[in-house]
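Below is a short briefing on one protein model, meant to be read next to its coordinates. Topics are grouped, and cut-offs are given where a term comes up.

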Amino acid sequence: MQAEPPAIVVATIGSLSQLLEKQIFKPDSLRVLVVDEVDFLFKSSKQVSSLRKLLTSYSSCNNRQTVFASASILQHRRFIHDCIQQKWTKGDVVHVHVNRIMPMPACLYHRFVICGRKAKHQVLLSLLQSDLPESGIIFVGEQSEKSKKSGQASSTTVLIDFLRASYEGPLDILLLEEDMNFNSRAASLTDVRKGDGYLLVSTDIVARGIDLPETTHIYNFDLPKTAIDYLHRAGRTGRKPFSDKKYYVTNIILSEERFVLQRFENELMFHCEELIMETQG
C-alpha cells in the first residue's frame, strides 16, 4: 500500500534537493516553501547552488508561495530586488520587518569582563558561581584546521574538562559542536530538553535555529567573528514570550578585544557594561 505524501517536510536544502532529484518528493506538490536563516545559506557556495536549483529548476515561483526568513538579512531592498530578478519569488513581494530600529531585544543585559588569557577559565567559573544561571550556553570559537592537524585538544574539550572538574553547581554540563556525529548531537539536545538545568558548551552550531527557552545566560568565552554572529548568539536567550525577566549576555575578553566588542555595540545599537571581578588577571 502506497503511503500518503507528507503535508509538511522539514529538511536541509541539500536533503530536500536530493529528495527532488530522486523523485521521492514531487516538485509539483510544493505549495509553500519556507527558507529559514536564508542569509546563512549564502555563505556557502554549495548551499547557494542547491538553493538556486530548488528555487528555479525543481519548482516555479508562480506555483508556490516563497518565504525567506532571517533575523539578519543585510541590505533588504537589494535582497528583494535580487529575489525578483532571479525569479526566486513573485514580483508582488511583501516585506515584513520586525523591530527595524533596535535589532537587539530590550530584555537582554550585556556585560563584559576583561582578563588575561590564562585567567579566562577561572573568570567563567566565578561568573557561574555568582550568576547562578537557571540554564546557560557557553560559546567557544571553532578549532582551526592547523590546530586540528597538530593534534591539539579543541577549546571546547579543554573547557568541558575544566568545568567537569571545577564546577560544583547543580547544572548538567553538556557539549555540542560541529565535529560530533549525528547520534551524539541528538543525545546532547535530548539531555538539554529533559527539563533539568544545563550548561551547554558549544560552537556557533547552536547560534541559529535552536530554540532553548530555558536559557537565562549566554557566555561568550570567545568573541564571535562578526556582529551578526553576536546577534544570533545573544538571541539564544530571552526567548520566553511575555516574560519580564532580565537575561544576560556576558563577554569574557582580552584587553585588545575591547574595540571589537565596541564595534558590535555600534553596529547593533546596544550598550555593554564592564564588570569588575577580583579574579581578573
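**Salt bridges, burial and overall make-up**

Lysine 245 is partly exposed, because its relative accessibility is 32%; partly exposed is the range between buried (under 20% relative accessible area) and exposed (over 50%), with a 1.4 Å probe and protein chains only. This is a predicted model, in which local features need pLDDT of at least 70 and side-chain atom pairs count only at pLDDT 80 or more, while totals for chains, interfaces and linings use all residues. Residues are numbered from 1 along each chain as its sequence is written, and side-chain values use heavy atoms, with hydrogens and water left out.

**Lysine 245 and its partner**

- Lysine 245 forms a salt bridge with glutamate 134, and their closest N and O atoms are 2.6 Å apart; the term stands for a side-chain nitrogen of Lys or Arg within 4 Å of a carboxyl oxygen of Asp or Glu.
- The lysine 245 end sits in the loop between α9 (227-234) and β8 (247-253) and the glutamate 134 end in the loop between α5 (120-131) and β4 (136-139), so the pair ties together parts 111 residues apart in sequence.
- Helices (H or I, at least four residues) and strands (E, at least two) are DSSP runs, numbered from the N terminus.
- Glutamate 134 is also partly exposed, at 43% relative accessible area.

**Other salt bridges**

- The search of the whole structure finds seven salt bridges.
- One of them joins glutamate 37 to arginine 208, with 2.7 Å between the closest N and O atoms.
- Glutamate 37 is in the loop between β1 (32-36) and α2 (38-41) and arginine 208 in the loop between β6 (198-202) and β7 (217-220), so this pair ties together parts 171 residues apart in sequence.
- Both ends are buried: glutamate 37 has 13% relative accessibility, and arginine 208 has a relative accessible area of 14%.
- Arginine 239 and aspartate 211 also meet in a salt bridge, at 2.7 Å from N to O.
- That pair links distant parts of the chain, 28 residues apart: arginine 239 is in the loop between α9 and β8, and aspartate 211 in the loop between β6 and β7.
- Arginine 239 is partly exposed at 32%, and aspartate 211 is partly exposed at 40%.

- Leucine 30 is found in the loop between α1 (13-21) and β1, and counts as buried at 9% relative accessibility.
- Beyond its neighbours within four places in sequence, leucine 30 is in contact (heavy atoms within 4.5 Å) with Phe25, Ser59, Asn63 and Arg64.
- Its C-alpha atom is 9.5 Å from that of tyrosine 58, which is 28 residues away along the chain.
- Valine 32 lies in strand β1 and is partly exposed at 46%.
- Val32, Val34 and Val67 form a nonpolar surface patch with about 230 Å² of accessible area together.
- Patches are made of residues with over 30% relative accessible area and no salt bridge, with like charges joined within 9 Å and nonpolar side chains (Val, Leu, Ile, Met, Phe, Trp, Tyr) within 5 Å.

**Whole protein**

- The secondary structure comes to ten helices and nine strands.
- Of the 281 residues, 42% count as buried.
- The accessible surface is about 16600 Å², with 52% belonging to carbon and sulfur atoms; areas come from the Shrake-Rupley method with a 1.4 Å probe, and for residues only the protein chains shown count as cover.
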